[in-house]
Amino acid sequence: MTSYEDLPSVITDMKIAAIDSFMAEQNWFTHFEHTDEYALWGIIATAAYRRPDANGDGGGEPIDGAWTVWGESMAPSFDSIRGWIHDLTSPWLSLPDGDACDTPCQATEAAANVFGLSSGPTAAANGDIARRNQTISDALMLIDGAFTVPFQNKYILQFATVIDGISGSATVLQSNYAAQAAMWPAVRDDVTTLLVKTRDALRAHADGLGEELGAAVGSITLTVVMIVAGAVATVLTAGTAAVAVGVLLTVAGGAQLALEAIDGQAEIEGDDYVGLLTSLGDALSRLNSRIREQEDILAGMLNEASGYFLSDPGAYNLDAFVMPDYPGVTGTVTIDQTQAYRVSFNMEETISTLTEASGKLASAPDSNPTPRDGSIGRGANGTHYSAVQLYNLAESSLLSTIAEYGRGRDLFDATVRDFFDTDADASATVNSLAAAEVLVEEMGG
Amino acid sequence: MTLESRHLGVIDLRGGVGGSSMDSSLELGGSHVPFRLEIDHPQRFDETAVKTIDFALDGLARLESSARQTIASGLRRESSSASTLLRSWKAGANPDDDSLEFLADLRLAQVKMLPDGGRAQRERVVFAYELASSPALGRLVVRVLEPTGPELDPIIRRTI
């Protein structure tokens, strides 16, 4: 099996085969005894041109004297054929292998798994965050006091929405990186298939082998189309993403449908070397368009998700959501120590879990994990800039959310101390924490 | 417009079933040999075609020695037409002679050139040899194909 690494030698063979075809079409064939020469009909040794060397270079000069049928050296034509093949193929020789996508793919998946299914208490809950959120909600129900209402609103209900949102963004990021990780090995395979077919067709044509030419030409299905759609589908149907909710999952789902709708066929065909090389150019162009379409869909998905963060920050960052007026210990308040402890303890545990998720999510890759020639797909940067923007938003939103949730825990604890009068400054603490809570940290867009 | 070959003089094609031809003679190896030029597509026959034929004829002597080489190689296979003809020849007047004498006795009887057959007709030059001492025993035919080179006809022929 020819592999991507073999392409330089496939291209050398293609150049020789194309030049041989060019000569064969004018009745100059490799001499039946002297394979370093083209002879008239392949048989007249006294009317000969030099063949290119084993690297496909050189050749074209008439040999043995001043005879020239067409009056000039074939070398310029050979150079022009080599140049054509070089221009068609060289952007495809430096494709990434997708391995650099594995780290961010695993990081985002791991973070999404820690988040689990964290939708609010009314939906099926799964994972530590959701269970603890339910426990805290239950405990709050057993505490009497007007302050529980705004507190529940922000630190239970809105908190669940925020976690859904950040988790959804992790899934969107994972979709992008999974797609990219799957895309490039498939592109390498498709390019290899197209170049091998073209080389084989040119070789068969030059050698005058009718059946081999018939076997070499034909239509191929570009594997990259199915493979990328499949990679995104796998992300969206496996694990936590399979039943999670939220608008970002819909965004990712839309991307999956769009990817599945792309059709990917290409043809290698032609009955002379010009036709065959032109069909290779068309096929590579078709492949490039498909990559472009796929990357545009992925970038669109990432940009749309970032758009939600920027236009509705309160749904993605707890710090951006302002809690309704917090009354502290006023009106009728009854706090059961056990329930208070349940709230405080579970919030502390939730902070640990969120910190774990943050650690797993880490940061966006420093550099484009899929660098390639600027003429391919969405350009040299692919979907990197779009992914980094979303990644940064997710990372900083999560850190802000953790900090804000911590302030919420502190506010609750201070309220409880105030009620039990265990701390002389408890009232003042409650007021200053409630004031600080309103502030929203400036976040980069 | 008259087309003129350096070797054959003015080209005068006569039409027949499936193409045109011209009969002439060539000097090859010190003697005159009957030569036939067969053209499958006379309507396309032009100056370039004549130039091509002249270059082919320039190289004919060298090609002919490849054809003789092919017959010599054929003698190494018992079932070949060359071996069969050798046996007939020895059975006749030359029981004590061997391959070398056999080959020396072969003379070129006729040459045919078919320059424009394309992929449909791959024979470009055909050489027919007979034994100078016993021409009645039949002819060995070497067909030189584009692009694979000379092949010995497996059958001893009367004509080519």
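## Burial and surface

Of the 445 residues in chain A of this predicted model, 54% are buried. Buried means under 20% relative accessible area, exposed over 50%, and partly exposed in between (1.4 Å probe, protein chains only). The accessible surface of chain A is about 17,700 Å². Carbon and sulfur atoms hold 51% of that surface. Areas come from the Shrake-Rupley method with a 1.4 Å probe; for residues, only the protein chains shown count as cover.

## Overall form

Chain A has 12 helices and 6 strands. These are DSSP runs: H or I of at least four residues for helices, E of at least two for strands. The C-alpha trace spans about 115 × 35 × 30 Å along its principal axes. The radius of gyration is 33 Å, whereas a compact globule of 445 residues would have one near 22 Å. That radius is taken over C-alpha atoms, and the globule rule is 2.2 Å times the number of residues to the power 0.38.

## Cysteines

The structure holds 0 disulfides over all chains. A disulfide is a pair of cysteine sulfur atoms within 2.5 Å. For Cys101(A), the nearest cysteine sulfur is that of Cys105(A), 7.8 Å away. Cys101(A) is buried, at 0% relative accessible area. Cys105(A) is also in no disulfide. Cys105(A) is buried, at 14%.

## Basis

Residues are numbered from 1 along each chain as its sequence is written, and chains are lettered from A and ligands numbered from 1 in the order in which they are written. Local features need pLDDT of at least 70, side-chain atom pairs count only at pLDDT 80 or more, and totals for chains, interfaces and linings use all residues; side-chain values use heavy atoms, with hydrogens and water left out.
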